[in-house]
Amino acid sequence: MVGERHVTEQERKAFAERTARVISMAANQFNQGLRAYYFGMATLSWFINPWFFMLVSADTGVRITQGEKRMSIPFWCIFISALLIFIAKAPVAKAMAKEGDGHYDNHHPRAQQGRLTGFGARALAAHLNSFEAFPLFAVGVLMAHVTNNHGVLVDVLAVTFVVARVLYLFFYWADLHWQRSVVWVVGLLCSLLLMLTPAL
């Protein structure tokens, strides 16, 4: 009976479009399920150490992205943000050497850091804040990635975060306190909005 029914060209096109949408949705959900499984396995590393968890999660994200034959802008931003943590260490090391009359106390670096004042103290605070800001941003990018939220919004938020963090370091070093607070808020909002992209 179905085979004998006359189907117009318009109905055939509509049926093909609906079928394509269903297949696309099925493939998309399957892909998200695989990603959730991979990141779920990475989450187990949290029981070992939080930093190990971030490392494994970032590695999982990079491997998934490599499987797609491209490195996305948000993942590049995670990489740059991780580098900023160690770049921010350079002025701290310089200030420590100056505090120790040209000697960096590698035996008791934390004690030497505690004696820093002025620029050295600000550089240390900027360095530590880079550690604090990174996990929230990385989690936001991974949440957007796992839920398959890509596009201009995610890219802009990720790039804006990196720019805000670079400015944050310079403003902290230069003792521009209110400018530093403004870009800190901008970076925080970017991280939170990235975490909310699945709901947007």
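So, the second largest cavity: where does it sit? Domain 1, residues 9-69, and domain 2, residues 73-199, both give residues to its lining, so this cavity lies between them. Keep in mind as we go that this is a predicted model.

The space in there comes to about 50 Å³. Around the second largest cavity you'll find Phe-53, Met-54, Ser-57, Ala-58, Pro-135, Ala-138, Val-139 and Leu-142. By class, seven are nonpolar, one is polar and none is charged.

Okay, how many cavities of 30 Å³ or more are there? The count is two. The largest cavity holds about 70 Å³. Its lining is made by Ser-81, Leu-84, Ile-85, Ser-130, Ala-133, Phe-134, Phe-161, Arg-165 and Leu-169, and the elements giving two or more residues are α3, α6 and α7. Here we have six nonpolar residues, two polar and one charged.

On to the open spaces. The largest pocket has about 370 Å³. Of its 16 lining residues, the closest to the centre are Leu-55, Ala-58, Ile-78, Ala-82 and Phe-134. Two or more residues each come from α2, α3 and α6, and α3 gives the most, with seven. The lining divides into 15 nonpolar residues, no polar ones and one charged. And why do we say this pocket is between the domains? Because domain 1 and domain 2 both give residues to its lining. Notice Ala-58 again: it's one of the residues closest to the centre of this pocket, and it also lines the second largest cavity.

Last one: the second largest pocket, with a volume of about 160 Å³. Among its lining residues are Lys-94, Lys-98, Glu-99 and Arg-115. Helix α4, residues 89-99, and α6 each supply at least two residues, with α4 giving the most, four. This lining splits into three nonpolar, two polar and four charged residues.

Definitions and conventions. Residues are numbered from 1 along each chain as its sequence is written. This is a predicted model: local features need pLDDT of at least 70, side-chain atom pairs count only at pLDDT 80 or more; totals for chains, interfaces and linings use all residues. Side-chain values use heavy atoms; hydrogens and water are left out. On a 1 Å grid over the protein atoms alone, a cavity is a set of points where a 1.4 Å probe fits but cannot get out, and a pocket is an open set with protein on both sides within 12 Å along at least five of seven lines; lining residues have an atom within 4 Å of a point. Grid points are joined across faces, edges and corners, and a volume is the space filled by probe spheres set on the points. Ala, Val, Leu, Ile, Met, Phe, Trp, Tyr, Cys and Pro count as nonpolar, Asp, Glu, Lys and Arg as charged, and the others, Gly among them, as polar. Domain bounds come from an automatic or database domain assignment.
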